[in-house]
Amino acid sequence: MTVASVEMRRSPVPKETTLRARRRREAGLAYLILLPALAVFGTFTFYPFFRNFKLMLYETPPVPGLPAHYVGLHQIIPTVTSTQFTQSLVTTIVFVALVVPISLILGLALAVAAHRKLKGIAIYRMIFSSTVVSSVAVASVVFGTLLNPVVGLLPWLGINPTPPALENTTWALPAVAVITIWQFLGLSFIIMSAGLQSVPDELLEAARIDGAGAWTRFWRMTVPLLSPTIFFAVIVSTIYAFQSFGAVDILIGNQSAVRLHTNVLIYNIVNTLQVENNPGAAAIMATVLFLITLSLTVLQMRFLERRVHYA
Amino acid sequence: MPEASAARRSRRWRTAGSYAALTIGAIIVLVPIYFTIVNSLLQPDQLAHQPPRLIPPAAQWHDYRTAWDSGQLSRYMTTSAIMTVSIVAGQLVTSVLAAYAFAFLRFPFKRTLFLVCLGTLMIPFEVTFITNLDTVSSLGWFNTYEGLAVPFLATGFGIFLLRQAFLQIPKDLQEAATLDGYGHWRFMARVAVPLARPSLAALGVFSFLAAWNQYLWPLLATGGTTPLNTVQIGLKQLVGTSPDQIPVALAGAVIAFVPLVILLLIFQKQLVRSLTAGAVK
C-alpha cells in the first residue's frame, strides 16, 4: 500500500513535466526569498540613486514657497563650477590627503610593532584595534575637550593658537583630520595586521640571517609583500574619508566663522539640501561623490585582478 | 659560547625595544580615552587645573547621573538599542535568505540579480539620502523607528559574505539531506545556517557596529532635536560651550562607548574577520 502510494505520486505525470514543475517551483522559491532584500535595495538604494538624475534637471528658486521648475542640464555646470562647490571639493581633498596617509602609516607602524610573538601582545593588539569601535560622535566629544583652549591638553603642552584650534581658519581642518585619523587608526591597524599575517615569517627570517637590517627588511620585503593590503586600505579609507561629516557637524557647526574652511563634501550637500533648500544642486553634488566612489572601487577591482605584488 | 650569549643579549635588547615601541603606541592610542574618563570624574572647576590631573582627586559620579537623566541619555540609549537590534536582526534574515537563493537554487537571471546586490556596495548612503528623506516622510516614517531602521534592513555585503559561506558547504551534504527528505527550508535551518555560524557572527558584529555608530541618517531622519534621537545625536546635544557642561558630555561619550567596548572584548575575532573580508586573499 505504501509502495503503491509512493508510486502513485510519482508516475502519473510524465517525467519531463515533473522536472519542469520542480524547476519552476525552485525559481519561485528563489524569487520569494530574494524579495525582502531586493525590495529594500529597490526602495532605498536604486530608486533614490536614479532619482538623483531626475532631481538634477530641476531648479528650486531661492525664494521659499516657489515650486521647482525644469531647467534640463543647465543647472549642472553652474553648480559644479560654483566657488562654494569647488572650495568644498578642495577642502575634502586636503582632508583626505591628511587623513589617509597618516592613519595608514601609523596603523602599519603599530601592526609591525605588534607582529612579534611577545608575552602580553594580545592586550596591545586589543588596544590598537580599540578605536575602530569609536563612533564619530564619541571621537568628536573626546577630542573637542582635548582641543579645548581652557581645559584641554594643549595649554599644558604650550600649544595654544589664537583663536583656539577649532575656531582657527588654519587649524580647524587639521584638527578635524586628527580626530578622524585617531578614529581610523583601529581599522588601519586591523587591516595591516591581517596582511602581515599572510607574509611568510621564514622569508623575513632568512633575510635577517643574510644580514639585511630591520630598515631594509621593512622597505624591501614587508612593504612590497604587503602592497595588496596597503592598496586595499588606501581605497577603503579614501572612500570613508570622502564621506566624513559628523566631526564637522558636531565640532564646527553652521554658525562658526571657520565653516567655509571645513565645509567637506557631505556637509555641503546637507547644507544645500536643508538650509538652502535646493535638492537639485544637492543631487548634482551627491552624484559627484558617487563618481568618486565608483572610480575608486573600479581602480581597486582592476588592481586586485592584477595583484600588486612583486615577490 | 660568548657568541651565543651576545646573541641572547641582542635578542633581549630587541625585545625591550619592541615593548618600548608597543607601549608608546598604546599610550598614543589611549591618551584621549584616558583623559575622557578622568575628566568625566572631575568637578567642573577642576578641569582647567594645570598640569592636567592624571588621577581624579575624588571621583564624582554625578555627571554620569546628569548625562543619564537630564541629558536624556537613558532614552537615547533605548532608541539606539531598538534601532540597532532591528537592523542587525533584519540584515541577518534578509542576507541568509538571499544568500541561500544565490548559493543553492537555480533560477533565471541569477547572475544579474547577484550583480545587482553587489552593485549596492558601490552606492553609499551619502549618495541616496536626499530622496530617502522624501521617501521616509511620504511613508509617514519621519521621526519613527521605521524611518531609522527600514532603509538598512538589507545589505549587499552580508549577502556576499553568507553566499561565500554557503558555497563552502560540501555538495555531498546537500545530496544526503535531499535523500533524507529535507526540503529547502529544513536544509536552510538545520544545515546551512548552523554551518555558516562564523560568517553570521562576523556579519552580526559588523552590522551592530555600523548601526550603533551611525550619525548622518539618524540626524536627518529625526530632525536632530526630538526624543527619538539615537545616542550619537544625543551626544551632539550634550556638547555645550559652557565648561561645566564638559564633564557631562564626556560622561555621555563614555556611556555611548561602553557597549561597543564590550562588543570588541567579546567578538574581537569576528569583528576582525568582517573588517578584513576582501582585504586578504
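This tour goes through a predicted model, from the domains of chain A to the chain interface and then to one helix of chain B.

**Stop 1: the domains of chain A**

Select residues 16-72 of chain A for domain 1, then 78-306 for domain 2. The C-alpha centres of these two domains of chain A lie 33 Å apart. Now show their contact. Domain 1 of chain A gives eight residues, and domain 2 of chain A gives eight residues. On the domain 1 side, colour α2 (15-55) and β1 (58-59) of chain A; each supplies at least two of the touching residues. By type, that side of domain 1 of chain A holds five nonpolar residues, two polar and one charged.

**Stop 2: the interface between chains A and B**

Show both chains. The contact draws 71 residues from chain B and 74 residues from chain A. Stay on the chain B side. Elements of chain B that give two or more residues include α1 (2-40), α3 (73-104) and α13 (246-275). Which element gives the largest share of this side? It is α1(B), with 14 residues. Colour the chain B side by residue type: 51 are nonpolar, 17 polar and three charged.

**Stop 3: helix α7 of chain B**

Select residues 156-167 of chain B. This helix, α7, has 12 residues and spans 16 Å from first C-alpha to last, close to the 16 Å expected at 1.5 Å a residue. Is α7(B) mostly enclosed or open? Of its 12 residues, 10 are buried, so the helix is largely enclosed by the rest of the structure.

Technical notes
Residues are numbered from 1 along each chain as its sequence is written. Chains are lettered from A and ligands numbered from 1 in the order in which they are written. This is a predicted model: local features need pLDDT of at least 70, side-chain atom pairs count only at pLDDT 80 or more; totals for chains, interfaces and linings use all residues. Domain bounds come from an automatic or database domain assignment. Two residues are in contact if their C-beta atoms, placed from the backbone, lie within 7 Å. Helices (H or I, at least four residues) and strands (E, at least two) are DSSP runs, numbered from the N terminus. Ala, Val, Leu, Ile, Met, Phe, Trp, Tyr, Cys and Pro count as nonpolar, Asp, Glu, Lys and Arg as charged, and the others, Gly among them, as polar. The expected span of a helix is 1.5 Å times one less than its number of residues. A residue is buried if 20 or more other C-beta atoms lie within 10 Å of its own, exposed if 12 or fewer, and partly exposed in between; C-beta atoms are placed from the backbone.
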